Amino acid sequence: MKTTMKTIASISFTALLVACSDGGTAPAALDDGTLSDAAVESGETTVSMEAGSNGTLNIYSARHYDSDKLMYEAFEDQTGIRVRFREAGANQLLETMRAEGENSPADLIIASDAGALWRFKDAGLTQPLPEGEFEQHIPERLIEPGRQWVGLARRIRGVAYDPERISPDQVDEWQDLADPSLEGEICVRSSTNIYNLSLMAEMIEKWGAEDAQSWADAVVANMARTPQGGDTDQVEAVAAGLCSVAITNHYYWVRMTQSGSDATREAAAATKLAFPSFGEGEGIHVNITGVAMAANAQNNDEAMQFVDYLLSADGQHRLVDETKEIPVIEDVTWPQGLDAIPEFEDSDTPLDTFGERQSQAQRIYDEAGWN
Amino acid sequence: MQAIKASSFHLPRLNPVALITLAAASLIGAPVAIAIFTGVIGGGGDAWLHIVSTQLLGYTMTTLAVIGLTAALILLFAVPTAWFVSLNEFPGRGFFEWALILPLAAPGYVLAYAWADAADVAGPIQSALRDVTGLSARDYWFPSVYSIPGLSFVMASALFPYAYLTARAAFSNLSLCTMEAARSLGASPRRLFLNVALPAARPAIFAGLALALMETAADYGAASYLGVQTLSVGIFRAWHSFSEPAVAARLAVLLILIAFGLQFIERMARGRGGIQQTATRWRTPRRQKLGPVAGWGVAIGCTLVLVLSFVIPVSRLIWVSTETGLGQGQIVRPFLNSLTLALAGSAFAFVLALTITIGARQNRFSQFIGRFAAGAGYAAPGIVLALGALFILSWTGFSVAGPAALIFLVWIYASRFTAAGAEPLNAAFSRAPASLGNAARSLGASRFQRLVRVDLPVAMSGASAAAIILFVETLKELPATLMLRPFNWDTLAVQAFAYASDERLAAATLPSLLITAAGLGPVVLLSLQLTRAGQSRAAG
């Protein structure tokens, strides 16, 4: 009796599995729901590279924002071009593209951090963007000299500090963080993170490797705890009183001020944001989110239309409203909350440096024992 | 490659079943074999030397430390609870009997997100501590989740139900005669547990423990989030930061060796299994009623295990997600994607598991090749299998954008998890008398008849457990899905990981909770079914 029941149960479960996996191929075949209406009407039912009446655009993006999906949809509505996207970490996308080789379907690569974009370029996975009007609207530093990538939004690495313990002049230059008076006061994430690598890369460029090494050594000596967690965790640790200076990208702090959680907003309110410079008149650490044309892109025209869209007012809004990055186009209004960041002066370091000096930066951190 | 290996063997009897088993084993083993092959022939140059001289020892020691600590915690969580639930009566026993399986529904990485947030210096636990004591954050020491013990705790929380299930089954199956003999000889409950029950249940406990530890060794999501540099994290780093897939594959060989070591220990433990159950009265011994103090003590212990492993982390995620409100993100499609992939992956893995389990009944060669391939697949982290699949994709010229990638992904799931599905099927055979097959043969049944009328029905008695475990494991899979999913095919696991690594825990909570919820239904089903089976055996 018992065995019969079991057998029936298991057979029906197996049947269910089979039935469901059969059924499962239906949505699989229909793919991504971003199939444009025109494509549906024209009788497209299966995945095909040529789907969409006005062409297709394949994007590899290292961003993961809900607003990006809405941005793709808005672009589809405007142009009738069907957007297909694949999101993963920048390194992962890069290795996927290498493994795919010439079969890679990617047309555009979107990645945060110039160091990441440099790696795509260095691996030969990008090609120059065609000359275009966009060049007149964007600061020169934000375009790779060979147009291998172009900046879409700016991101600044700075510090959030506890104003009750720290005075603004204790954090107005990066060198200040090496001061012994900050012993036990600094919270920062792991050095393997690309934001820290790019920061160190610019220090090497500005100060030379030796001074950069001394800085890393001194900061390790000033740490309140071994590096752990992300930037947000460091700001929260300042608010909780564990340390009084946290190294963070500006947008994490801005997002905290706009959070739906009372505790998170209060944590941000207990801190102040500052953008330390690399020294008098040397500027601050401004990085980018950027886009590159994939070396084997098949849909170059569609790709350029999308780049132009990203640099339009609507595209810029959709790109930064949720992320709280800073638009690259001058007259675009800033997203809510961004007005709270300090004024800043860009540095003149070529952004490719962040990539070129990446491995050197990692060695310096390793040497300093900054895990 | 498999074919070459096979032809160099001298096959005793090349019957169709053995051939089918060989085909199944090749399917399971191919991604591992290809990844390892490229690792071995690919060299690795400077990056390999750099990693060997600076990182390798650290990765290996960290992995071994995590495995050791996780093993200790799993035994601590699983064995006493299973013992009391099976053989004693105490307040809430009926509830704990099935509820202690629930943590199986929550992936390790989800527990990691929750605990990292809850136990952080700014989190609710430490904030409450400061409020109550008036201390400042600098005045006290607090254990960090971002550590080897933290990772071990999280992995043990997520995986102890494997050992709990096998231990519970073993304790419930203890022969009444053995127990009563021991009792009548004046053995105290303590000695009964240590000298009789534990040795008898040891092989079963080790089987569950080995599954859990191989899963721990292959984990990427939790270890990388908590910043613990295990081999698995090192494999990702070798590939993604040094751009050396061959080096990644070499590190993977080491990880697979560790997993085989675990399997070897498990086999040793099983082979030397202390006490043979020869008595024919397979009745669960009557449960001993514990006194009020001991009874409530046990109930509190069980509550503690359940609260720490499941209730606190899941409540924290629910709290965070309700506090911040639901995002505008798409959740329905990832949910459907997850279900579709999990169903397809577990269905394929189920067929393969059934094939190698049945095949193992035929001859030693089939048994060996099936177990070897499934063990290698289970031992390999998802990332390594994905690496193998990507190599195949690039050789054959398929794009990872289209339906081909889905097929590869389903294949990888099967390669990865078949061993977990084969375990309950194997257990079904070990419950059935070995004489069954011989009886069939002596009655003149052909090999095929024996297969269809004896082996298949016996295996199917473990089928629902196998199917459910496969479904839940596939649902939780992260690294291979991350690598191989085609355009616009985000799953819940991928979404949760992307948001969490982007420091948006609030956005990560909904997909995290949905994975857990989707796994919870099948896990409860499994739990109730096993519990009922135990009860009917006890009553019969």
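Tutor: Domain bounds come from an automatic or database domain assignment. For chain A, that assignment gives domain 1 (37-42 + 49-154 + 287-338) and domain 2 (157-285 + 340-368). Taken over C-alpha atoms, the centres of domain 1 and domain 2 of chain A are separated by 28 Å. This is a predicted model, in which local features need pLDDT of at least 70 and side-chain atom pairs count only at pLDDT 80 or more, while totals for chains, interfaces and linings use all residues. Residues are numbered from 1 along each chain as its sequence is written, and chains are lettered from A and ligands numbered from 1 in the order in which they are written.

Student: What makes up the contact, with how many residues from domain 1 of chain A and how many from domain 2 of chain A?

Tutor: Two residues are in contact if their C-beta atoms, placed from the backbone, lie within 7 Å. The contact takes 17 residues from domain 1 of chain A and 22 residues from domain 2 of chain A. On the side of domain 1 of chain A that touches domain 2 of chain A, α5 (114-122) and β9 (286-294) each supply at least two residues. Here helices (H or I, at least four residues) and strands (E, at least two) are DSSP runs, numbered from the N terminus. With six residues, α5(A) gives the most to that side of domain 1.

Student: How many residues of chain A and of chain B count as buried?

Tutor: A residue is buried if 20 or more other C-beta atoms lie within 10 Å of its own, exposed if 12 or fewer, and partly exposed in between, with C-beta atoms placed from the backbone. By that count, 53% of the 371 residues of chain A are buried. In chain B, buried residues make up 57% of the 540 residues.
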